Amino acid sequence: MITVGQDVLSLADFNDIVFNQKPVVILPSALTKIETNFKFLQNFSSNKLIYGINTGFGPMAQYKVSEENLLQLQYNLIRSHSSGSGNLLTPIQAKALMIARLNSLIQGFSGVHTDIVVLLAELINQDITPCIFDHGGVGASGDLVQLAHLGLVLIGEGEVIYEGSIQPTADLFKKLNIKPLAIHIREGLATINGTSAMTGIGMVNIIQAHKLLDWSAMFSAMTNEIVQAYDDHYSHELNIVKHHKGQNKIAGMLREILSGSKMIRSRKDHLYHPDNIDQEVFEDKVQEYYSLRCVTQVLGPILDTINQAEEVLVNELNSVNDNPVIDHVNQNVFHGGNFHGDYVSLEMDKLKIAITKLSMLSERQLNYLLNDRLNLKFPPFVNLGVLGFNFGMQGVQFTATSTVAENQTLSFPMYVHSIPNNNDNQDIVSMGCNAALMTSRVIDNAFSVLSIQLMTILQAIDYLNCQDKLAPKTLALYNKVREIFPKFVEDAPRYKEMEKVKRFLAGSPS
């Protein structure tokens, strides 16, 4: 079980809830804090004008709302903003959004009743996820539209995904004896005013980005191994003189992966030995192509970018990100812009650029293996059949190239793409949910490219028949993946095998 309401919710905790179905438990002390905060707002707001309590919303805040309409105001807000379009978020993304919203409300500065956090925890633990559309949020008053669809489910309306099917919320709640949320004072605004959609999706992106980074290091190592590259480019001595944490971490990963390999060569044994240099033209390259030799310099900044994004997103996950902030400690209500998503938006843009570069590295290493004029070691397209009659990996290369090209176009930043709206009340916005969703697309694309790269590496290993010379770690991966992707010689459709390998990479810890 993962407790919420006391300690910082880490990326590992988040991963356990989203991917490992660990239940969340709300500490009694957190419920006490929320109750204290709620009662403070009830008393404090009785004779004051407070945004979203007794006023309209956004540019309509100039209009006071009569006391008899205060609760209906919150329902109106949820229903009117349930206006998303496009594709539905995946159940994983929707669950991540719910966790992020729960963890913001659990801080006890949102003026909500305890009912809302108890209901959110119940839905999370039963894997009931709201139907939320990907288009709609601009990320300034938070993810208003996406979170409104969450609010719609909380009040027992709209639709949910449960056990793989879309069902009316009201029917499922009745079937499972779940009581819908009754608005007490500001649960409508507190639900939709925040960065929880972009933050939840962003946290999933970071989890998957870490997997991609680990796989890219593995496949880069394997590519170097099967072409019998020299070992000095990932040596401690070469990398330590460049003072970047990511680069040196990647170099250490490569050394660990390739430990025990009988294929990696030492420059001092081959090129620093007098007996081996008595010739004018060397068949082997003295230095490998950059996609092999510069792995630490390419993946290093990508690792640093992922780690920076993780720090920022975990901070956002554990922050109060709605407006106004109900502060029972200082006995005041503070109006501002904690719902603005620029922190998340900028990190998502940086992350998708980094992952696009990772997919570009994969594509270049793939091309090296497939192009016999470059590698001088393998038949064209690592074709294990009859040249000219069979095609090997020729067909799947097109998919890798096309997918990387899409990543490059998707990498244009959303952070600098603000469009004023809401009668110019929201005159500069973050587009943070768009940024997170586009990053998710880039990450999914990258898994597709890396799956093709891995399939090619395995075919190359079989061409060389070098399994007994591989490092223990690379041999273990070869054996594991060959169980779902057997060696092939004859041509056949590969799309189902590509999908199997992709699911393995995306779902397994690397």
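Me: Why is serine 220 counted as buried?

Reply: Buried means under 20% relative accessible area, exposed over 50% and partly exposed in between, with a 1.4 Å probe and protein chains only. Serine 220 has 0% relative accessibility and therefore counts as buried. This is a predicted model, in which local features need pLDDT of at least 70 and side-chain atom pairs count only at pLDDT 80 or more, whereas totals for chains, interfaces and linings use all residues. Residues are numbered from 1 along each chain as its sequence is written, and side-chain values use heavy atoms, with hydrogens and water left out.

Me: What makes the pairing of the side chains of serine 220 and glutamine 365 a polar contact?

Reply: A polar contact is a pair of N or O atoms within 3.5 Å; within protein, one must be able to donate a hydrogen and the other to accept it, and residues adjacent in sequence count only if both atoms are side-chain atoms. The two side chains make such a contact at 2.9 Å. A polar side-chain atom of serine 220 also lies 2.7 Å from the backbone oxygen of serine 216.

Me: Which residues is serine 220 in contact with, leaving aside its neighbours within four places in sequence?

Reply: Contact means heavy atoms within 4.5 Å. On that basis serine 220 is in contact with Val295, Leu299, Leu361 and Gln365.

Me: Where is serine 220 found?

Reply: Serine 220 is found in helix H9, residues 196-226. Helices (H or I, at least four residues) and strands (E, at least two) are DSSP runs, numbered from the N terminus. The chain has 20 helices and nine strands.

Me: Why are H9 and H20 called roughly perpendicular?

Reply: Axes are lines fitted to C-alpha atoms, for helices over the stretch in contact, and angles run from 0 to 180 degrees between N-to-C directions. Angles under 35 degrees count as roughly parallel, over 145 as roughly antiparallel, 65 to 115 as roughly perpendicular and the rest as oblique. The axes of H9 and helix H20 (residues 495-507) cross at roughly 115° and come within 9 Å. H9 and H20 are therefore roughly perpendicular to each other. Gln208, Lys211, Trp215 and Phe219 of H9 make the contact with Phe504, Leu505, Ala506 and Gly507 of H20.

Me: What joins strand S6 to strand S7?

Reply: Two strands pair if DSSP finds at least two bridges between them. Four bridges join S6 (residues 159-162) to S7 (residues 165-168), and the two strands run antiparallel. Glutamate 159 has proline 168 in S7 as its bridge partner. The strands form a hairpin with two residues between them, and glutamate 163 in the turn has a positive phi of about 55°. Both belong to an open sheet of three strands in the order S4-S6-S7, whose edge strands, S4 (129-130) and S7, each pair on one side only. Helix H7 (residues 169-176) lies across S6 and S7, at about 85° to S7.

Me: Which residues touch the most other members of the largest nonpolar core?

Reply: A nonpolar core is a set of buried Ala, Val, Leu, Ile, Met, Phe, Trp, Tyr and Cys residues joined through side-chain atoms within 4.5 Å. Among the 143 residues of the largest one, Phe14, Leu102, Phe219 and Ile355 touch the most other members. Another core lies apart from it, with nine residues including Leu41, Phe44, Ile185 and Ile326.

Me: Is phenylalanine 38 buried or exposed?

Reply: Its relative accessibility is 5%, so phenylalanine 38 counts as buried. Phenylalanine 38 has its place in helix H2, residues 28-44.
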